[in-house]
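Welcome! Take a moment to turn the model around on your screen, and then we can walk through it together.

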Amino acid sequence: MLVNLHIVNLALIDELDVDFAEGLNILTGETGAGKSIIIGSIGIGLGGRFDSSLLRNPDKDGMVELLFSVDEALAESLKEDEIDVQDGELLISRRLAGGKSINRINDSTVTVAKLKKVAEKLISLHAQHEQRTLLKASRHLEIVDSYDSSIAELKEKVAKEYKAYKELSDKLGSFNMDETERAKRLDYIRYEINDIEAARLVEGEDDELEELYKKASNAQSIAEITSEVESLTGYDRDSSGGSQVSEALRNLQQLSKYDENADSLISTLTDIDSLISDFNRQLADYISDMEFDEESLRNAEERLNLINTLKARYGRTIQDVLETLGNLQSEEEELAGFEDTLKNLEKERDAKLVALAKASDKLTEARKKAAKKLCKVISDAMKDLNFNDVRFDMSFDKSDTFTSNGNDIAEFIISTNVGEDMRPLVNVASGGELSRVMLAIKSVVSEAADTPTLIFDEIDVGISGITAEKVGAAMKRLAASRQIISITHLPQIAACADAAFVIEKEVVGEKTITGIKRLDDEGRVMELARLLGGASVTDSVVAAAREMIAR
């Protein structure tokens, strides 16, 4: 359940803490006191829009924190989302700093998408705008699908079959060309294939040619450098390194006649002489390899130009060009055997359409079974909400086309009076009726999803009297198995609270501030009396408030 709500620098709030209780939490307050800010802050904490326009002071950070207590079963479920519950508590935090939202779950920074996914397992928030979404028939199937967990697998199967069918249909659409267009395309493809094949490309040859061309185009500079090195280290001149070392070695060998200890010097210099000799042989081989004729240079240059031209047309590398060749050859094969290819594609598409239809039929069957159970439970729940003669069901029809969600056209239908035909919900329900229908649906669906906390923002729109009492009683029963947080203007609903809070707006200094406080027993009586009597709270009104709470 939601244990604590902490808000900083948001709308009319400087800083605010609310400790919620188990069971039914009722929030009341004068119009404009800031009730929507409290619910809106929870919505932000659950991943709603959070930008600088919502801040009280734009120069300071804004923050919303939601602290939840989590049982073992829910903690295990959250592990699937890589969320580790610590000591039975989970903290969702959203901070707006420098125009950027920083989202955290416990100690980990997360994306808004992940935060929303986790929040869905913790809270179901019913805002006032959801009554309008209930009037959209497309939303009705979503409600049925969420009621039966087995439907998700069938939907995945339909989506998979639809994707395969759509890909084949799109491919066939691209084949929709006349004979002249096909012949023109085939000629162009064959030209490109010949263009690439004629080059007889070999992977890596461009790198080798680049290296060769670089050497050949700098042959004169290479020759000058190597000739100078050969002159300095060779044996052709007395002053060259090789000649000098050889002469030194001959002189040193004379020394051995007079001193046997000179042998180590002779050995070292002999090694040096050998190294110089080896180096000069390698240098001679290198010079020999660097001899380029003009024809070789011209051939390398022409080959490189050809390769680079092909790269410009068909890909950045030789491998890219060869892959393009493979794709062109496949397309040539398809176009050359156009009729056969077309027939094969049509056959594949038709087979996929049959598979899609079968998967959609299974989905429809599962939805109808789930809808029958759901509508029965919703009908029972609606009777508890003063719909005495209600009939509630779902109509099904088939679309001529498929989507990734199948081809069902379905919507809730309702009759609220004896003798009335069942008609689409959008054409029947008034505002007050929609509030109760939504409460019935929310209570049933959240029961199936085992959502631990439900939040209702003014579920009492358009109702009063006995109906309000029954709505309050229904919320009280629902709160026996989960936490309910609700804003209300009606004393009949407020009287059912397990924990009552009043939201107030006051001027402090030169600022208007919204605050919230939990009411004690006497405070509950007086707030209920205010709801009953308005500006005139008499002793009889207070007595009526006490009686209503007791009842």
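Is Asn-106 buried or exposed? With a relative accessibility of 14%, Asn-106 counts as buried (buried means under 20% relative accessible area, exposed over 50%, and partly exposed in between, with a 1.4 Å probe and protein chains only).

## About the model

This is a predicted model, where local features need pLDDT of at least 70 and side-chain atom pairs count only at pLDDT 80 or more, while totals for chains, interfaces and linings use all residues. Residues are numbered from 1 along each chain as its sequence is written, and side-chain values use heavy atoms, with hydrogens and water left out.

## The overall picture

Let's begin with the whole chain. The protein chain has 20 helices and 15 strands (DSSP runs numbered from the N terminus: H or I of at least four residues for helices, E of at least two for strands). Its radius of gyration is 42 Å, well over the 24 Å that the globule rule gives for 551 residues, so the chain is more spread out than a compact globule. That radius is taken over C-alpha atoms, and the globule rule is 2.2 Å times the number of residues to the power 0.38.

Along the principal axes, the C-alpha atoms fill a box of roughly 135 × 75 × 45 Å. Of the 551 residues, 42% count as buried.

Helix α17 covers residues 465–478, 14 residues in total. From its first C-alpha to its last α17 reaches 20 Å, close to the 20 Å expected at 1.5 Å a residue (the expected span is 1.5 Å times one less than the number of residues). The buried residues of α17 are Thr-467, Ala-468, Val-471, Gly-472, Ala-474, Met-475 and Leu-478. They cover an arc of only 160° around the axis, which puts them on the same side of α17; the arc is that of the directions from the helix axis to the C-beta atoms.

Now look at helix α3, residues 112–120, where Leu-115, Val-118 and Ala-119 are the buried residues. Seen down the axis, these fall within an arc of 100°, so they line one face of α3. The face turned away from that buried side carries the exposed residues Ala-113 and Glu-120.

Asn-106, from our opening question, sits in the loop between β6 (100–105) and β7 (108–109). Its phi is near 55°, a positive value in a residue other than glycine. Glu-82 also has a positive phi, near 60°, and is found in the loop between α2 (72–79) and β5 (89–97). Glu-82 is exposed, with a relative accessible area of 68%.

Glu-203 lies in the loop between α7 (179–197) and α8 (205–217), and at 54% relative accessibility it counts as exposed. The C-alpha atoms of Glu-203 and Thr-317 are separated by 8.7 Å, although these residues are 114 apart along the chain.

## A cavity inside

The structure holds one cavity of 30 Å³ or more, and about 80 Å³ of space lies in the largest cavity. Here a cavity is a set of points on a 1 Å grid over the protein atoms alone where a 1.4 Å probe fits but cannot get out, and lining residues have an atom within 4 Å of a point. Grid points are joined across faces, edges and corners, and the volume is the space filled by probe spheres set on the points.

Which element gives the most to the lining? That is α19, with three residues. Among the lining residues are Ile-26, Phe-501 and Arg-524.

Notes: 1 Å grid on protein atoms, 1.4 Å probe; cavity = no way out; pocket = protein on both sides within 12 Å on 5 of 7 lines; lining within 4 Å.
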